[in-house]
Amino acid sequence: MKVLARFRVAATHPEQFPAPEAPEVAFLGRSNVGKSSVINSLLGSKIAKTSSTPGRTRTINFYEIRWPGRPQPELMFVDLPGYGYAKLPRELTAEWPKFIEPYLTERSTLALAIALIDCNVPPQDSDAKLLEWLRSQGRPYLVVATKADRLSGNALTAALEAIRRQHQVEVVVPFSARTGSGREKVWAEIRAHIQQTSAEENAS
């Protein structure tokens, strides 16, 4: 599916968030999970900056997405700073909750949170805490297992089952930014949640 993407704004404070308009899909995960690579793979462009140094995303970055021939954005991708990377300065990460939590708790247009988990490492407590928190807030979420191309056969099956069991989720989408595997499945989930959000808004 061809989409057109444009960087909108980088925010470090709720006052810098763009006005709520289109449904938003937020991407969350540990600092070395490959978040920017996943976004670029979904969009088919290198709009989100990738780096070999984890933790380079230090703002909430908004990207507006529209379909060809449509003048208005259909949705927004929102790239949040990563978590769980010990080498980041504490004075920096201490500031993150001041704008990350208000976004996740108060943003009216947030339709789906995509929780990215590296399937090559054992289940992490920080990922579990994120999912527990999203559940407590009543936020819809989708678990995507990144770097799936590094495992194959039984190893990948076992890794996905470990994520399901540890984090008590039914659906885990294996994804490879390198090969594009899982791309269509993630887009299908995004479209389904956007349609559900639109239906709920029309019914209210």
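The model is a predicted one. It holds seven aromatic pairs and eleven salt bridges. Strand 5 (residues 110–118) is largely enclosed by the rest of the structure, because nine of its nine residues are buried.

**Aromatic pairs**

- The rings of Phe7 and Tyr63 form an edge-to-face pair, because their planes stand at 65°, and planes over 60 degrees apart count as edge-to-face. The ring centres of Phe7 and Tyr63 are 5.7 Å apart.
- This pair connects distant parts of the chain, with Phe7 in strand 1 (residues 4–11) and Tyr63 in strand 3 (residues 60–66). Phe7 and Tyr63 are 56 residues apart.
- The two partners are placed as follows: Phe7 is partly exposed, at a relative accessible area of 40%, whereas Tyr63 is buried, at 3%.
- Phe27 and Phe77 also make an edge-to-face pair, because the planes of their rings lie at 65°. The centres of these two rings are 4.9 Å apart.
- Phe27 belongs to strand 2 (residues 24–29) and Phe77 to strand 4 (residues 75–79), so that this pair, too, links distant parts of the chain, 50 residues apart.
- Phe27 and Phe77 are both buried.
- A cluster is formed by ring pairs that link Phe27 and Phe77 with Trp67 and Trp187.

**Strand 5 and its neighbours**

- Strand 2 and strand 5 run parallel and are joined by six bridges. Within this pairing, Val25 stands opposite Leu112 of strand 5.
- Strand 5 also pairs with strand 6 (residues 141–146), again in the parallel sense and over six bridges. Here Asp118 has Thr146 in strand 6 as its bridge partner.
- Between strand 5 and strand 6 the chain passes through helix 4 (residues 125–136), and this β-α-β crossover is right-handed.

- Arg6 and Glu64 form a salt bridge in which the closest N and O atoms are 3.2 Å apart. The bridge links distant parts of the chain, from Arg6 in strand 1 to Glu64 in strand 3, 58 residues apart.
- Arg6 is partly exposed, with a relative accessible area of 45%, whereas Glu64 is buried, with a relative accessible area of 11%. The value for Glu64 counts as buried because it falls under the 20% limit.
- Glu21 forms a salt bridge with Arg8, with 2.8 Å between the closest N and O atoms. Glu21 lies in the loop between strand 1 and strand 2, and Arg8 in strand 1, so the pair ties together parts that are 13 residues apart in sequence.
- Arg6, Arg8, Glu21 and Glu64 are linked in a network of salt bridges.

**Salt bridge between two loops**

- The side chains of Arg178 and Asp149 meet in a salt bridge, with an N to O distance of 3.1 Å.
- This pair links distant parts of the chain, 29 residues apart. Arg178 lies in the loop between strand 7 (172–174) and helix 6 (183–203), and Asp149 in the loop between strand 6 and helix 5 (153–167).
- Arg178 is exposed, with a relative accessible area of 65%, whereas Asp149 is partly exposed, with a relative accessible area of 29%.

**Arg183 and the backbone of Ser41**

- Arg183 lies in helix 6 and is buried, with a relative accessible area of 16%.
- A polar atom of the Arg183 side chain lies 2.6 Å from the backbone oxygen of Ser41.

Key:
Residues are numbered from 1 along each chain as its sequence is written. This is a predicted model: local features need pLDDT of at least 70, side-chain atom pairs count only at pLDDT 80 or more; totals for chains, interfaces and linings use all residues. Side-chain values use heavy atoms; hydrogens and water are left out. Rings of Phe, Tyr and Trp (its six-membered ring) pair if their centres lie within 6.5 Å; planes under 30 degrees apart count as stacked, over 60 as edge-to-face and the rest as tilted. Helices (H or I, at least four residues) and strands (E, at least two) are DSSP runs, numbered from the N terminus. Buried means under 20% relative accessible area, exposed over 50%, partly exposed in between (1.4 Å probe, protein chains only). Two strands pair if DSSP finds at least two bridges between them. A crossover is right-handed if, with the strands pointing away from the viewer, the path from the first strand over the helix to the second runs clockwise. A salt bridge is a side-chain nitrogen of Lys or Arg within 4 Å of a carboxyl oxygen of Asp or Glu. A polar contact is a pair of N or O atoms within 3.5 Å; within protein, one must be able to donate a hydrogen and the other to accept it, and residues adjacent in sequence count only if both atoms are side-chain atoms.
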